[in-house]
Amino acid sequence: MMTAARLALVVLAVALQVGVFGYIRPLGVMPNLVLIVVILASLLTTATRAVLLAIVGGLLLDIVSGTDPGLRTAFLTLAALAAVAVRQAGVDLDSGSGLASIVALATVTWNLVLLAELSAAGGAIAAGPAAGIILREVVVNVVLAALLRLVLLRFGFGLPGRETTWRRLVS
Amino acid sequence: MRRRPRQPRLLVMVAIAGFIVVALTFGWLRPVQSVIAGVFAPLTGAASGAGSSTSGLFSVVGEIATLQKQNQELRSENADLRQRLSDDAELRAQNESLRKQLNVAEIQPNRLVGAQVIGYQPDNLRQFITINRGSKDGIQQGMAVVSEGSLVGTVSEVSGSTSKIFLVTDPNFRVAAIDQDQEARPDGTVRGQIGGGLIMEKIAQNQPVKVGDTVVTSGLGGQMPKGIVIGRVAAVSTSDNAVFQTAQLSTSLTFSRLELVYVVARP
């Protein structure tokens, strides 16, 4: 699929995350749609495209959020590079459990980064509510990632040869 | 056979991104940020509109019984408020008469600027919203933002046509407040908590605070107007060994369903 279409997907993901999911919060949390799209891109496309999507998505989120400039860009880029590195090391991530693990780990790591930043700024942190929010966000992100993966594979966003995954799933 | 990753291209992209991040941090790209925020505002506004409509549709079905009860309570409160308005009119007339006699200048009322919420902070631990009013509408950093008579937050960043609002439920939010229902008017600091709660802390032990009391802004510091409702006391924590007591506050606002807010602009 054209790089422009993938970039449009990231822009749409940013708009949906700050717009629609500001109001519709499954389990009371906002899904990290851009993180999911970046991880899926890392698993389904080339490394260059994945990093490009991560940078564009991160910059847009940084600009739209207006806080901690660069934090989202840096994290999403590292997440994309890490996912690509794990895939290229030979670990089979083209499975539901592999994707779920990566998304869960990335979600927890991102929230720990935010908690560290909040703590350093003197913010009031209650461990119980914070853990509850992180756990619910992990569940929502994993479910959304699984659904989005099916949709993307169906419409041919994968690497050549990976389209057969959809055929395996539906046969 | 897999293609080898194009490392030089990757390095160039990462270097460009790093430069952009540094530029953002030092504010060199502020005009570009304003333009992008302005371009993005209609898109996120449309997405917010779709989201709030869909969310409202789902929620109303499950809340019919609650809505009926709320309706009754609101009718009763409405009648009480009408009476108070009538009493206030009398007080206002008295006030005007006394001012004229004593030759005292009138305090100018604050100006409210209505704004639509067009986006939320894309995280679950920080609490910010974006509104569709900016510097060209007279919005300035530090102004208070209210909705349904309660404090929503303060303006933290302003561009030409949008502004970012720091919500009271953000863990870094702090505001000086007083309990207006107690004679001693105990004062303290209200701050947000992760999970959406509010706590009022640093309340002196010898100044009692009761459940149900109304907590308002004290106006200390000059930026925040005095008397804006923050919430009601839901629980009080005291300890014989502690210097201060703490109160948990509840607010009538649902911060994940904000659609319309008002910025308290200076007259």
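## Briefing: an A–B interface and its salt bridges

Leu147(A) sits in helix H7 of chain A, which spans residues 127-154. Keep in mind that this is a predicted model.

**Surface patch**

- Leu147(A) counts as exposed because its relative accessibility is 51%, and the cut-off for exposed is over 50%.
- Together with Leu27(A), Val139(A) and Val143(A), Leu147(A) makes up a nonpolar patch on the surface. The four residues have about 360 Å² of accessible area together.

**Where chain A meets chain B**

- Chain A brings 49 residues to the contact and chain B brings 48.
- About 4200 Å² is buried between chain A and chain B, and carbon and sulfur atoms give 68% of that area.
- On the polar side, there are 7 residue pairs in polar contact between chain A and chain B, counting pairs with both residues at pLDDT 80 or more.
- On chain A, the side touching chain B draws at least two residues from each of H1 (3-18), H2 (20-23), H4 (47-65), H5 (71-88), H6 (96-120) and H7.
- H4(A) gives the largest share of that side, with 11 residues.
- The rule also picks up 2 salt bridges across the interface of chain A and chain B.

- Asp62(A) and Arg72(A) pair up in a salt bridge, 3.3 Å from N to O.
- That pair links distant parts of the chain, with Asp62(A) in helix H4 and Arg72(A) in helix H5 of chain A, 10 residues apart.
- Both Asp62(A) and Arg72(A) are buried.
- Arg72(A) also has a salt bridge with Asp123(B), where the closest N and O atoms are 2.7 Å apart.
- This one crosses between chains, going from helix H5 of chain A to the loop between strand E1 (111-120) and strand E2 (128-131) of chain B.

**A salt bridge within chain B**

- Over in chain B, the side chains of Arg191(B) and Glu201(B) form a salt bridge at 3.1 Å, N to O.
- Arg191(B) is in strand E7 (residues 187-192) and Glu201(B) in strand E8 (residues 198-204), so this pair ties together parts that are 10 residues apart in sequence.
- Arg191(B) counts as buried because its relative accessibility is 17%, and Glu201(B) counts as buried because its value is 13%.

**Putting the salt bridges together**

- Shared partners join Asp62(A), Arg72(A) and Asp123(B) into one salt-bridge network.
- Over all chains, a search of the whole structure turns up 5 salt bridges.

Note on methods:
Residues are numbered from 1 along each chain as its sequence is written. Chains are lettered from A and ligands numbered from 1 in the order in which they are written. This is a predicted model: local features need pLDDT of at least 70, side-chain atom pairs count only at pLDDT 80 or more; totals for chains, interfaces and linings use all residues. Side-chain values use heavy atoms; hydrogens and water are left out. Patches are made of residues with over 30% relative accessible area and no salt bridge: like charges are joined within 9 Å, nonpolar side chains (Val, Leu, Ile, Met, Phe, Trp, Tyr) within 5 Å. Accessible areas come from the Shrake-Rupley method with a 1.4 Å probe; for residues, only the protein chains shown count as cover. Helices (H or I, at least four residues) and strands (E, at least two) are DSSP runs, numbered from the N terminus. Buried means under 20% relative accessible area, exposed over 50%, partly exposed in between (1.4 Å probe, protein chains only). Contact means heavy atoms within 4.5 Å. Buried area is the accessible area (1.4 Å probe) that two parts lose on being put together, summed over both. A polar contact is a pair of N or O atoms within 3.5 Å; within protein, one must be able to donate a hydrogen and the other to accept it, and residues adjacent in sequence count only if both atoms are side-chain atoms.
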